[in-house]
Amino acid sequence: RQASHTFADVAGFRFSEYTLLQRGDPTDLEGSAVSPEFFSVLGARAQYGTTFNADMVKAQQGKVVVLSYWLWRQRFGADPAIVGKGVNLGGEIYTVTGVMPRDFDVPSTEVAAWTPLPIDLEKSKVRSLVVIGRLRPSVNVTQAQGDADAIARRLAAEYPATHRGMRIHLIPFFDELIKDSRSFVLVASAAALLVLLICCANLSNLLLVRAIVRRSEFATRLAIGAQKRHLLGLVFAESLVLSVLGGIVGGVLAHWMIQGLLRWSPIELPRGGAIGQGFQIPLATLGLIVLATLLISLPPAWEVSRSRLSLDTARGTRGTTSRRFARQLIVTLEMAIALTLLAGSGLMARTMLALRESNPGWKSDHLLVSQIILPTRKYKEKPKIRQFFDTYVERLRTAPGVVSAAASSAVPALPMGIDFD
């Protein structure tokens, strides 16, 4: 913070774990230890109470906590009076300063609580830290990267034993937030767009045929004084009615399906709690209604606008060769898009099945995994911690139905974000 000239402010955080020892059975929680500037850098405010600052952390000797919205609802009954009271985390009492909004899930949707980083990092056992920063106005990422490179060189010169070859790589926060879900969201969005295009092509083709069949009606309307703009308005009105009806049904289905997607999604969606909240679905539905109306009405409107309608031509012609070719081309494109979507869906399903049946390198059947977080107040020395786990594993091995048991600081295929000694 002191050496940088491109950042308005910076903050640090690391993943941590807690054991909640009140309001029900002991529960292991994933949390995050953050610097006091963490919330201000993100521009986040508590829904109830307030986030902690440096003065609060110093006054309470680091024993303050901000609760997540879902933990507040599930374990504390959505009681606003919890602010200012103490909660037992790992045998130590932390004072609740605030509750975050539903859609705040940084750095992870699994984080249940935020506590301060140790006041003296040099004396603590923290060996890793993720740093986030907010750029000053009119500063771009390239300039900030140059500043970070200069800081890295300065640290390498001052601390050659520990910082030699160190490099600071800056990543835009949004890119880091969606890096794991970008491909999934793009594929799902592309599939949804293809479905929309197929539906629009079907309805457009039907309205085009309907416009050709109604040529006698249109010719009669023109003969009694109607203008072509009135006929075009009629075509757009019919398309708008179909789009509005489809939009209403789609909006209702989207609301239900978003809940299912958040519950059964194969990946963690960033800011999942904010998806579908507020006016997102109505505004998206309105935009798609406008788009669908244009896509559906353009071919029949083109047919009406370019045709020389008269009673004689309406009775005697059924369409020129060029019009028949245009209709055949639309049908061909529609079938091609449908087959492309079908093939893509089949490949995606096959890929998911292949991943599910692939050999990860270990036997996962009849395998159970549990996490144990020891209270730091009782287990500070490494020999005492090792003795606990040795005794625990030995007792598990003698339990009925247990073939083998072991303890580890990390589990295959699960992310590691916590320091282990």
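Modeller: Happy to; what follows is a set of questions and answers on this predicted model.

Colleague: How many helices and strands does the protein chain have?

Modeller: The chain has 421 residues, and 29% of them count as buried. As for its secondary structure, the count is 13 helices and eight strands.

Colleague: What share of the contacts with a separation of 6 or more comes from residues 24 or more positions apart?

Modeller: A contact here is a pair with heavy atoms within 4.5 Å. Among contacts in the protein chain with a separation of 6 or more, the share from residues 24 or more positions apart is 72%.

Colleague: Which residue in strand 2 is the bridge partner of F13?

Modeller: Strand 1 (residues 7-20) runs antiparallel to strand 2 (residues 27-34), with eight bridges between them. The two form a hairpin with six residues between the strands, where R23 has a positive phi near 55°. Within strand 2, F13 has as its bridge partner V34.

Colleague: Do strand 2 and strand 7 run parallel or antiparallel?

Modeller: Strand 7 covers residues 111-116, and five bridges join it to strand 2.

Colleague: Which residue of strand 6 stands opposite V64?

Modeller: Strand 4 pairs with strand 6 in the parallel sense, over four bridges. Strand 4 also pairs with strand 7, in the antiparallel sense over two bridges, and there L67 is partnered with A113. On the strand 6 side, the residue opposite V64 is T95.

Colleague: Are the residues V64, V65, V66 and L67 of strand 4 buried or exposed?

Modeller: V64 and V66 point one way from the strand, while V65 and L67 point the other way. Buried means under 20% relative accessible area. On both sides of strand 4, these residues are buried.

Colleague: Which residue in the turn between strand 5 and strand 6 has a positive phi?

Modeller: Strand 5 (residues 86-89) and strand 6 (residues 92-99) run antiparallel and are joined by four bridges. G86 faces T95 across this pairing. The hairpin has two residues between its strands, and the one in the turn with a positive phi, about 65°, is G90.

Colleague: Which residue with a positive phi follows helix 3?

Modeller: Helix 3 spans residues 69-76, and its buried residues include Y69, L71, W72, R75 and F76. After the helix comes a residue with a positive phi near 60°, namely G77.

Colleague: Why does V252 count as partly exposed?

Modeller: V252 lies in helix 9 (residues 228-264) and belongs to a nonpolar surface patch of about 780 Å², along with L240, V244, I248, V249, L253, W256 and M257. V252 counts as partly exposed because its relative accessibility is 41%.

Conventions
Residues are numbered from 1 along each chain as its sequence is written. This is a predicted model: local features need pLDDT of at least 70, side-chain atom pairs count only at pLDDT 80 or more; totals for chains, interfaces and linings use all residues. Side-chain values use heavy atoms; hydrogens and water are left out. Buried means under 20% relative accessible area, exposed over 50%, partly exposed in between (1.4 Å probe, protein chains only). Two strands pair if DSSP finds at least two bridges between them. Patches are made of residues with over 30% relative accessible area and no salt bridge: like charges are joined within 9 Å, nonpolar side chains (Val, Leu, Ile, Met, Phe, Trp, Tyr) within 5 Å. Accessible areas come from the Shrake-Rupley method with a 1.4 Å probe; for residues, only the protein chains shown count as cover. A salt bridge is a side-chain nitrogen of Lys or Arg within 4 Å of a carboxyl oxygen of Asp or Glu.
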